[in-house]
Amino acid sequence: MSAKKANLSGELKKYFGFSTFKGQQEEIINNLLNGKDIFVLMPTGGGKSLCYQLPALISEGTAIVVSPLIALMKNQVDAVNGLSSETGVAHVLNSSLNKTQTKQVFDDIKSGKTKLLYVAPESLIKEDYLEFLKDVKISFVAIDEAHCISEWGHDFRPEYRNLKQIIDKIADVPVIALTATATPKVQDDIQKTLGMTNALVFKESFNRANLFYEVTPKVNIDKEIVKFINKNKGKSGIVYCLSRRKVEEFAQLLQVNGINALPYHAGLDQKVRVANQDKFLMEEADVIVATIAFGMGIDKPDVRFVIHYDFPKSLESYYQETGRAGRDGGEGYCLAFYDPKDIEKLEKFLAQKPVSEREIGLQLLNEVVGYAETSMSRRQYILYYFGETFDPVNGDGAKMCDNASNPPKLKDATDDLRKTLEL
Ligand code: ADP
Ligand code: MG
């Protein structure tokens with residue numbers, strides 16, 4: 001065992017240039033290599049990719065990596081190919097490839113060159129891909145962003161639900177599922193749907209001790225945000241709005257106020273969208289005003305604030321969106337504007353949805369309203385939601401929220417108490 005461990009560090013250094021593993025990476029990789037099914041719950045930035053990339057690189061055969069977004073897959077494939085002097089170590093398989101390209105991928109897999117094959121779940125069900133994959137050596141299957149399986153997750157993809165049946169058709173190999181979504185409901189759902197109730201579970205704390213959480217009433221919001229940004233001049237930040245219209249209006253308002261801001265939403269022309277994102281990443285723009293379409297797979301380490309113009313639909317989304325602040329471990333201010341009327345709007349919107357979706361949506365809303373209205377430590381509230389206990393006095397980052405650094409005035413506390421008693 002110890003010989004193997006020493007060896008793993010060597011491989012880590014050889015392929016990635018890192019001298020030590022992060023968190024539980026080494027244990028995860030050892031167990032995967034020993035044929036165990038594994039479930040990894042680790043916050044964004046925790047280093048999940050390496051948990052399947054390294055074992056794939058040193059195993060015989062090809063690892064199938066299921067991932068939801070083509071852009072994310074491309075980034076990873078380029079990164080992995082950059083680690084090796086050989087070509088074809090990683091490939092993406094999808095319908096955008098022409099015949100020659102597909103043949104190249106198949107040939108590389110057959111020759112044993114390809115160690116990682118990235119596929120979207122909707123590609124995996126294609127009959128000719130399935131037939132091909134059945135006949136080649138597969139080392140293991142990794143399911144990244146595994147929360148996409150669950151309707152309780154923040155990014156449900158129906159195509160993820162049948163993964164278990166598809167994988168069973170391809171090969172009888174270990175499965176590693178990974179996600180940064182850790183609510184007990186999502187976790188349970190993922191394990192059941194993938195038939196992984198016996199998997200080894202590796203869970204790291206979701207506490208982001210360097211983030212400061214504040215919720216404030218939505219009054220004079222435009223002025224308040226301008227004031228906040230001006231106080232933080234030159235720092236990078238994201239402002240999330242619910243609608244595309246609001247994104248454009250508010251980006252303009254910031255520009256008029258002399259703030260270097262750009263809009264981002266899925267309705268913008270692709271070129272403009274990419275250009276705006278790049279300008280933000282390259283520091284040509286300080287602030288990006290965006291819908292939730294912005295952020296997945298964006299890795300800007302020095303985002304110093306995340307402002308929610310509109311309240312998020314779930315505490316999970318809030319955690320993910322605010323999680324884009326302070327990735328480098330430095331300051332990260334998370335400010336959310338709250339107006340119960342906004343919640344009513346969201347409820348009305350949900351009323352038009354099918355029953356099951358509506359019920360899930362309403363419960364998620366209830367939980368996020370609880371967060372907005374709580375007078376307890378916001379960090380404790382968030383972590384409780386993720387199934388973790390947190391000491392609001394001595395825990396790491398205990399002072400880093402409005403309620404802890406500036407406890408609610410007596411009047412508010414009494415109001416809270418009255419509410420509780422009336423329930
Ligand atoms: P996640 O998928 O959990 O959000 P990533 O796999 O994208 O995280 O990794 C986040 C960052 O951490 C990447 O820049 C990656 O290179 C880095 N990283 C991963 N493992 C290590 C390690 N053992 N040592 C140093 N950096 C690491
Ligand atoms: Mg990842």
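Biologist: Why are α14 and α15 called roughly antiparallel to each other?

Modeller: In this predicted model, helix α14 (residues 340-351) and helix α15 (residues 355-373) pack at an angle of about 170°, and because angles over 145 degrees on a scale of 0 to 180 between N-to-C directions count as roughly antiparallel, the two are described in that way. Local features need pLDDT of at least 70 and side-chain atom pairs 80 or more, whereas totals for chains, interfaces and linings use all residues; residues are numbered from 1 along each chain as its sequence is written, with chains lettered from A and ligands numbered from 1 in the order written.

Biologist: Which residues make the contact of α14 with α15?

Modeller: With C-beta atoms within 7 Å as the criterion, I343, L346, E347, L350 and A351 of α14 meet R358, G361, L362, L365 and V369 of α15, and by class they are seven nonpolar, one polar and two charged.

Biologist: Which residues surround ligand 1, and which helix gives the most to the shell?

Modeller: Taking C-beta atoms within 6 Å, the shell consists of F18, F21, K22, Q25, M42, T44, G45, G46, G47, K48, S49 and L50, and helix α3 (residues 48-58) gives the most, with three residues. By class, the shell has four nonpolar, six polar and two charged residues, with Gly counted as polar.

Biologist: How do you know that the span of α5 is close to the one expected?

Modeller: Helix α5 (residues 99-110) has 12 residues and reaches 16 Å from its first C-alpha to its last, against 16 Å expected at 1.5 Å a residue; G112, with a positive phi near 90°, follows α5.

Note on methods. Helices (H or I, at least four residues) and strands (E, at least two) are DSSP runs, numbered from the N terminus. The expected span of a helix is 1.5 Å times one less than its number of residues. Angles under 35 degrees count as roughly parallel, over 145 as roughly antiparallel, 65 to 115 as roughly perpendicular and the rest as oblique. Two residues are in contact if their C-beta atoms, placed from the backbone, lie within 7 Å.
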